[in-house]
Amino acid sequence: MNHDETTAGHLQELRRGTVVLACLIRLRTPDYGYALLESLNAQGILVDANTLYPLLRRLEKQGLLASEWNTDEARPRKFYRTSPAGELLADALMTDWRRIDDALAGLTDGDAS
């Protein structure tokens with residue numbers, strides 16, 4: 001495995017959990033899948049549709065997202081929103097994210113003990 005493949009693999013691992021957290025935070029305002037995909041990518045959270053749509057279905061099955069169909073337009077769209085359980089998980093993940101970020105900052109600043 002060359003350096004680029006190694007880096008790509010580790011970056012993918014790092015992003016995997018962050019996409020879940022980003023979806024839970026972003027979907028506090030209900031939206032449909034494609035708009036979510038566009039907004040995440042615009043914020044620099046790069047994810048493709050083949051990853052996002054199965055993730056949305058899994059989070060919904062786990063009770064972390066709720067959904068409903070909007071049939072007001074010519075093309076029906078499934079809107080997702082973070083459920084109360086998803087809010088609790090997002091809060092827990094953000095708390096841990098901040099703890100890890102602080103710890104990494106301490107390591108890079110030379111504060112490791």
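## A pair within helix H4

Arg 99 and Asp 96 both belong to helix H4, where they sit three residues apart, about one turn of the helix. An α-helix has 3.6 residues a turn, so residues three or four places apart point the same way. The structure described here is a predicted model.

The side chains of Arg 99 and Asp 96 form a salt bridge, with 2.8 Å between the closest N and O atoms. Arg 99 is partly exposed, at a relative accessible area of 48%. Asp 96 is also partly exposed, and its relative accessible area is 34%.

Side chains of opposite charge can pair when their charged atoms come close. The count for this model comes to five salt bridges.

Arg 28 has a relative accessible area of 38% and is partly exposed. Glu 87 is partly exposed as well, with a relative accessible area of 26%.

Asp 91 counts as partly exposed, at 43% relative accessibility. Through shared partners, salt bridges join Arg 28, Glu 87 and Asp 91 into one network.

## Helix H4 along its length

Helix H4 covers residues 84-108. H4 has 25 residues, and from its first C-alpha to its last it reaches 36 Å, close to the 36 Å expected at 1.5 Å a residue. The buried residues of H4 are Gly 86, Ala 90, Met 94 and Gly 106. Just after H4, Gly 110 takes a positive phi of about 85 degrees.

Thr 95, which is in H4, counts as exposed because its relative accessibility is 56%. A polar atom of the Thr 95 side chain lies 3.0 Å from the backbone oxygen of Asp 91.

Leu 107 is another residue of helix H4. With 53% relative accessibility, Leu 107 counts as exposed. The C-alpha atoms of Leu 107 and Ala 22 are separated by 25 Å, and the two residues are 85 residues apart along the chain.

## The largest pocket

Rolling a probe the size of a water molecule over the atoms shows where empty space is left. In this model, the largest pocket holds about 270 Å³ of space. Helix H1 (3-26) and helix H3 (49-61) are the elements that give two or more residues to its lining. H1 gives the most, with five residues.

The lining of the largest pocket is made up of Gln 12, Arg 15, Arg 16, Val 19, Val 20, Leu 46, Val 47, Asp 48, Thr 51, Leu 55 and Arg 58. By class, these residues divide into five nonpolar, two polar and four charged.

## The second largest pocket

About 200 Å³ of space lies in the second largest pocket. The elements that give two or more residues to its lining are helix H2 (33-42) and strand S3 (77-82). Here S3 gives the most, with three residues.

The residues lining the second largest pocket are Tyr 32, Gly 33, Tyr 34, Tyr 53, Trp 69, Arg 75, Pro 76, Arg 77, Lys 78 and Tyr 80. Six residues of this lining are nonpolar, one is polar and three are charged.

Note on methods: Residues numbered from 1 in each chain as written. Predicted model: local features only at pLDDT ≥ 70, side-chain atom pairs only at ≥ 80, totals over all residues. Heavy atoms only, no water. 1 Å grid on protein atoms, 1.4 Å probe; cavity = no way out; pocket = protein on both sides within 12 Å on 5 of 7 lines; lining within 4 Å. Points joined across faces, edges and corners; volume = space filled by probe spheres on them. Helix = DSSP H or I, 4+ residues; strand = E, 2+ residues; numbered from the N terminus. Nonpolar A, V, L, I, M, F, W, Y, C, P; charged D, E, K, R; others polar. Buried < 20%, exposed > 50% of the residue type's maximum accessible area, 1.4 Å probe, protein only. Polar contact = N/O pair within 3.5 Å; in protein donor to acceptor, adjacent residues only side chain to side chain. Salt bridge = Lys/Arg side-chain N within 4 Å of Asp/Glu carboxyl O. Expected span 1.5 Å × (residues − 1).
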